[in-house]
Amino acid sequence: MAKTQSKRKRSGSSKSRSKSSGASRSSSSRSSTRSTSRRGASSRSGGSSRSRRSASPRQQDAIALLRADHKNVSDMFDEFERRKGRLSPDKKMEIVQTICRELEVHTQIEEEIFYPAAREAVKEQDLLDEAEVEHGSAKELIRQLQDGQPGDEMFDARVKVLGEYVKHHVKEEQGKLFPMVKKSRLDMRGLGEQLMMRKQELMGQMEGQFQGGMQE
Ligand SMILES: [Fe+2]
Ligand SMILES: [Fe+2]
């Protein structure tokens with residue numbers, strides 16, 4: 001069943017990664033990123049009411065929001081590593097599905113909103129190129145995990161390598177990219193609002209797909 005859910009979810013999420021959704025949204029997000037709080041596409045009321053984690057999203061600047069995501073997912077990888085020997089296959093799959101969902105949303109909001117804004121704001125384009133390549137590698141592992149199940153020979157190894165990949169990527173973002181973006185003239189509050197709105201929208205869509213799979 002977990003496998004069925006993962007396939008369902010993937011059909012509406014990971015395929016929209018990188019160029020497709022990113023490109024289609026990038027013109028709007030790129031043009032807005034220096035401005036204040038243009039809500040843009042992110043203000044569309046997509047997703048179910050269940051997706052609204054709170055009635056009014058907490059105001060958070062872009063870097064605080066992305067850092068919170070990093071910590072959350074890093075904690076989940078640590079939990080998996082700590083407990084994997086004692087977890088049932090279903091519980092393992094549940095944690096991995098949550099990690100994958102969080103990563104898919106996080107990489108998508110960075111690619112659609114944060115990276116295009118950073119590209120306009122900082123000179124170091126190489127850093128952003130590398131970040132997008134790293135996202136691509138992480139997504140490949142995510143896809144393999146979603147295609148597999150905990151009994152597979154390589155399942156635990158894939159989770160571990162994905163965790164190491166993500167931690168390396170986070171170190172680069174937090175150690176190099178974020179400080180540069182912070183020093184730029186970007187409106188971090190406005191950007192944070194766009195990221196939060198889009199994140200809620202995507203989480204709502206994914207939860208809807210997940211629930212749909214459960215009901216089948
Ligand atoms: Fe990130
Ligand atoms: Fe990233």
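Tutor: The bend at a residue is the angle between axes fitted to the seven residues ending there and the seven starting there. Keep in mind that this model is predicted.

Student: By how much does H4 bend at Glu111?

Tutor: About 45°.

Student: What end-to-end distance should H4 have, and what does the model give?

Tutor: Count 1.5 Å a residue. The 33 residues of H4 should then span 48 Å, and the end C-alpha atoms lie 45 Å apart, which agrees.

Student: How do the axes of H4 and H5 cross?

Tutor: H4 covers residues 89-121 and H5 covers residues 125-147. Their axes come within 11 Å and cross at roughly 160°. Angles over 145 degrees count as roughly antiparallel, so H4 is roughly antiparallel to H5. The crossing is left-handed.

Student: Which residues of H4 and H5 meet?

Tutor: From H4, they include Val96, Cys100, Leu103, Glu104 and Glu111. Among those in H5 are Leu128, Glu132, His135, Lys139 and Ile142. By class, this contact has 10 nonpolar, 4 polar and 5 charged residues.

Student: How do the axes of H4 and H6 cross?

Tutor: H6 runs over residues 155-183. Its axis and that of H4 come within 13 Å, crossing at roughly 25°. Angles under 35 degrees count as roughly parallel, and H4 and H6 are therefore roughly parallel to each other. This crossing, too, is left-handed.

Student: Which residues make the contact of H4 and H6?

Tutor: H4 brings Val96, Leu103, Ala118 and Ala121. H6 brings Val159, Val166, Leu177 and Val181. By class, that is 8 nonpolar residues, with no polar and no charged ones.

Technical notes:
Residues numbered from 1 in each chain as written. Chains lettered and ligands numbered in written order. Predicted model: local features only at pLDDT ≥ 70, side-chain atom pairs only at ≥ 80, totals over all residues. Axes fitted to C-alpha atoms, helices over the stretch in contact; angles between N-to-C directions. Helix = DSSP H or I, 4+ residues; strand = E, 2+ residues; numbered from the N terminus. Parallel < 35°, antiparallel > 145°, perpendicular 65-115°, else oblique. Left-handed = near helix turned anticlockwise from the far one by under 90°. Contact = placed C-beta atoms within 7 Å. Nonpolar A, V, L, I, M, F, W, Y, C, P; charged D, E, K, R; others polar. Expected span 1.5 Å × (residues − 1).
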